[in-house]
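Have a look at the sequence and the structure first, then read on.

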Amino acid sequence: MRITDTSDVWWKSAVVYCLDIETYYDRNGDGTGDLAGLAERIDYLAELGVTCLWLMPFYSSPDRDDGYDITDLYGVDRRLGNHGQLVEVLRTAHDRGMNVIADLVINHTSDRHPWFKESRRSKDNPCRDYYVWRDTEPPDTSDLVVFPDKEDSIWELDDKTGEWYLHHFYKHQPDLNLANPAVVDEILRVVGFWLQLGFDGFRVDGIPFLEQTAKAVDDPALVVDPHVLMRKLRGFLNRRAGHAMMLGEVNLPHSQQRAFFGGDAGDELQMQFDFIGMQATYLSLAREDARPLVKALRARPRIHPNCQWATFLRNHDELTLDKLSDKERQEVFEAFGPEPEMQLFGRGLKRRVPPMMGGDPRRVRMAYSLLFSLPGTPTLYYGEEIGMGEDLAAEGRMAVRTPMQWTSGRNGGFSDAAARKLIQPPVGDGYGPEHVNVADQRRDPDSMWSFMRTLIGTYRMCPELGWGEFTVIDQPHRQVLAHRCDLDDVAVVAVHNLGADAVVVDLAVDGLDDSTELVDLFSQEEVHTDDGTIQVSLEGYGYRWLRLRPEGGLHLP
């Protein structure tokens, strides 16, 4: 395969960077980040090496769920700016070689959305069937709620009409009736609008909740086949913008994830987050044992060549551990979140990576090196590049949604507003802006930011990691993960020590002979071999990336 072919399926080897506009950079000084501020920071993202920008919801919203409660799917929240300023962000990002994707929320709206206001007026309102209603008292559905600390049912009684409406999330977020063709047509119009404006795809929110299963609703006519919906979305996307992609939030077992890729046809989602791999990574880190991660990676189902896994260590939600057993989850809690205020819903953590790793820069950097070396597309959450911490005093998921820390000055350089006007206070203690910020780290060649920039640049020169065939290299040390990704006549070999103690690893590398050479991708030094075997010395939490290539080849770096 020619390297130039990879640009046609750009998401296979992208570097995705997720941010919330309201907490990124405040240009007008009102305490809330805005589109004008984001436009000023596009060059920063380009310098870092980001190739795909994922914007969390910027739509019109009462902001009761950080923008995921939407009142106008075509609108822009006035606090953030307007459509013209959003177009400036898109144009600037595209000019710097970045694709931009938006959160697509099709499971629910705000209860203040005009559709729902109409829907609850009367039982015969034209918008009544835009949502899911029932006229009999629902059974106990407490086991189906997403936020058990806030809700005890997925049904809410509406006093106006005396019927109950469905809401898998908060009661102020009624579920759309996706069995209604008129609703699906509305969603397609929304998708078409944002594609026409210049977006390159969507991160599709909450896909497991689109099904409206028989367990949730007792009317067979309301049960939705989400795969029919995904194929319809994909077909529409391909017709309107052939380069666009959909990245799905699909926290399900592997077999169901493969189905949402479209199976052998590959005609549904182009990308999905690897939640199972992420959770296994934390179990491996907690145990200092690579085997759980190896097991998860080997269990990944084979997917269509144009599809891809999105790998991550952190995102904007809780760090969910729901696919681990109770015992495994408790191991991760004890290692990375032993205090009750660090945990959420008994199934996840409200922490960022550096505090979880005790602030040990060796361990943090090894974790990100591991992330970028895994087969797939790495996804970063804003602030990870400088090692931001969390605010455990903030409620729930807001602990990791604090303002970006640009400088050591007032409000971390996020805003000139008075502290009381900020959308959220910056992180305090040892991870506050005076200790962790972009300005200081950009000037320091040994900083986390400099490390991440180098890591991203190295990853971008390794199409093997996005396109290659993944295999684990056998070796006797359980704290070590050695793997390789092969693409045509080149391969990347990565070795990571998940343990605190130094280790020497003897690796048998297939394909090493007189016609090939092995080069360290960070030092650019050639690695000496002996009859197809190499000896790799790793410090505690050490790592190496090596490239196997034809001797004297022009493959870069």
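## Cysteines first

Cysteine 52 counts as buried, because its relative accessibility is 0%; buried means under 20% relative accessible area, exposed over 50% and partly exposed in between, with a 1.4 Å probe and protein chains only. Cysteine 485 is buried too, with a relative accessible area of 0%.

A word on ground rules: this is a predicted model, where local features need pLDDT of at least 70, side-chain atom pairs count only at pLDDT 80 or more, and totals for chains, interfaces and linings use all residues. Residues are numbered from 1 along each chain as its sequence is written, and side-chain values use heavy atoms, with hydrogens and water left out.

| Cysteine | Closest cysteine sulfur | Sulfur distance |
|---|---|---|
| Cysteine 52 | Cysteine 18 | 10 Å |
| Cysteine 485 | Cysteine 462 | 9.6 Å |

For cysteine 52, that is too far for a bond, and cysteine 485 is in no disulfide.

Now the whole fold. The protein has 15 helices and 22 strands; these are DSSP runs numbered from the N terminus, with helices (H or I) of at least four residues and strands (E) of at least two. Its radius of gyration is 24 Å, close to the 24 Å that the globule rule gives for 557 residues, so the protein is as compact as a globular protein of that length. That radius is taken over C-alpha atoms, and the rule is 2.2 Å times the number of residues to the power 0.38. The C-alpha trace spans about 80 × 55 × 45 Å along its principal axes. Of the 557 residues, 61% are buried.

Helix H14 covers residues 448–460. Its buried residues include Trp449, Phe451, Leu455 and Tyr459. What do the buried residues of H14 pack against? Among the partners are helix H2 (42–48), helix H12 (361–373) and strand S22 (543–550), with contact meaning heavy atoms within 4.5 Å.

You'll find it in the loop between helix H4 (114–119) and strand S4 (133–134). Proline 126 counts as exposed, because its relative accessibility is 73%.

Terms used:
Expected span 1.5 Å × (residues − 1). Disulfide = S-S within 2.5 Å.
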